[in-house]
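Please look at the sequence and the structure below before reading on.

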Amino acid sequence: MAAMIYLVENHQGSDYFVPVDRNNIHQVEEIEQQHDFVYGEVATNTAARRLVARRPYSAAFRQRLLRRIQAYFARQTQG
């Protein structure tokens, strides 16, 4: 099964991503109980770049987030 991630808007201003856990049907609910918001579910760097580009991030934050996402997908393909 392909690796997927949720892109999450953090209520404290530090957005992040988490791997999708297909065994946890309550994962989005648990994230949103923390007052965060899942704004995307992606399986590729390209899809992540598209969604992240639409967000009002600074260039530096956007680059850091995309580097972390790219590293995550690279590790998934190696294993």
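The model is predicted.

## The sheet

Strands of a sheet pair through backbone hydrogen bonds, and the pairing is either parallel or antiparallel. Here three strands form an open sheet in the order β2-β1-β3, and the pairing is antiparallel. Strands β2 and β3 (37–42) stand at the edges with a single partner strand each, so one side of each has no neighbour in the sheet. From one strand to the next, the twist averages 30 degrees.

Four bridges connect β1 and β2 in the antiparallel sense. Two of the facing pairs can be named: I5 has P19 of β2 as its bridge partner, and L7 stands opposite F17 in β2. The hairpin made by β1 and β2 has six residues between the strands, and G13 takes a positive phi near 90 degrees there.

Strand β1 is mostly covered, with four of its five residues buried.

## Helices against the sheet

Helix α3, residues 59–78, lies across β1, β2 and β3 and runs at about 15 degrees to β2. As for the β1 and β2 pair, which has four bridges, helix α2 (residues 45–53) packs on the sheet and touches β1 and β3. The direction of α2 makes about 145 degrees with that of β3.

In soluble globular proteins, nonpolar side chains tend to be buried together. The largest nonpolar core in this model has 17 residues, and I5, L7, L65 and I69 touch the most other members. Two or more residues of this core come from each of β1, β3, α2 and α3. Helix α3 gives the largest share, six residues.

Which residues does L7 touch, not counting residues up to four places away in sequence? They are Y16, F17, F37, V38, Y39, G40, V42, A48, L51, V52 and I69. A second, separate core has eight residues, among them Y6, V8, Y16 and I31.

## Salt bridges

How many salt bridges does a search of the whole structure find? It finds two. One is formed by R55 and E9, whose closest N and O atoms are 2.2 Å apart. R55 lies in the loop between α2 and α3, and E9 lies in strand β1, so this pair ties together parts that are 46 residues apart in sequence. R55 counts as buried because its relative accessibility is 19%, and buried means under 20%. E9 counts as partly exposed at 31% relative accessibility.

The side chains of R22 and E41 meet in a salt bridge with an N to O distance of 3.1 Å. R22 lies in the loop between β2 and α1, whereas E41 lies in strand β3, so the pair ties together parts that are 19 residues apart in sequence. The table lists relative accessibility for residues of both salt bridges.

| Residue | Relative accessibility | Class |
|---|---|---|
| R55 | 19% | buried |
| E9 | 31% | partly exposed |
| R22 | 45% | partly exposed |
| E41 | 38% | partly exposed |

## Two loop residues

N10 lies in the loop between β1 (5–9) and β2 (16–19). Is N10 buried or exposed? N10 counts as buried, because its relative accessibility is 13%. The side chains of N10 and D36 are joined by a polar contact of 3.3 Å. Leaving aside neighbours within four places in sequence, N10 is in contact with D15, Y16 and D36.

Q34 lies in the loop between α1 (27–33) and β3. At 45% relative accessibility, Q34 counts as partly exposed. Not counting residues up to four places away in sequence, Q34 touches H11 and Y16. Q34 and N23 are eleven residues apart along the chain, and their C-alpha atoms are separated by 20 Å.

Conventions. Residues numbered from 1 in each chain as written. Predicted model: local features only at pLDDT ≥ 70, side-chain atom pairs only at ≥ 80, totals over all residues. Heavy atoms only, no water. Buried < 20%, exposed > 50% of the residue type's maximum accessible area, 1.4 Å probe, protein only. Polar contact = N/O pair within 3.5 Å; in protein donor to acceptor, adjacent residues only side chain to side chain. Contact = heavy atoms within 4.5 Å. Pairing = 2+ DSSP bridges. Axes fitted to C-alpha atoms, helices over the stretch in contact; angles between N-to-C directions. Core = buried A, V, L, I, M, F, W, Y, C linked by side-chain atoms within 4.5 Å. Salt bridge = Lys/Arg side-chain N within 4 Å of Asp/Glu carboxyl O.
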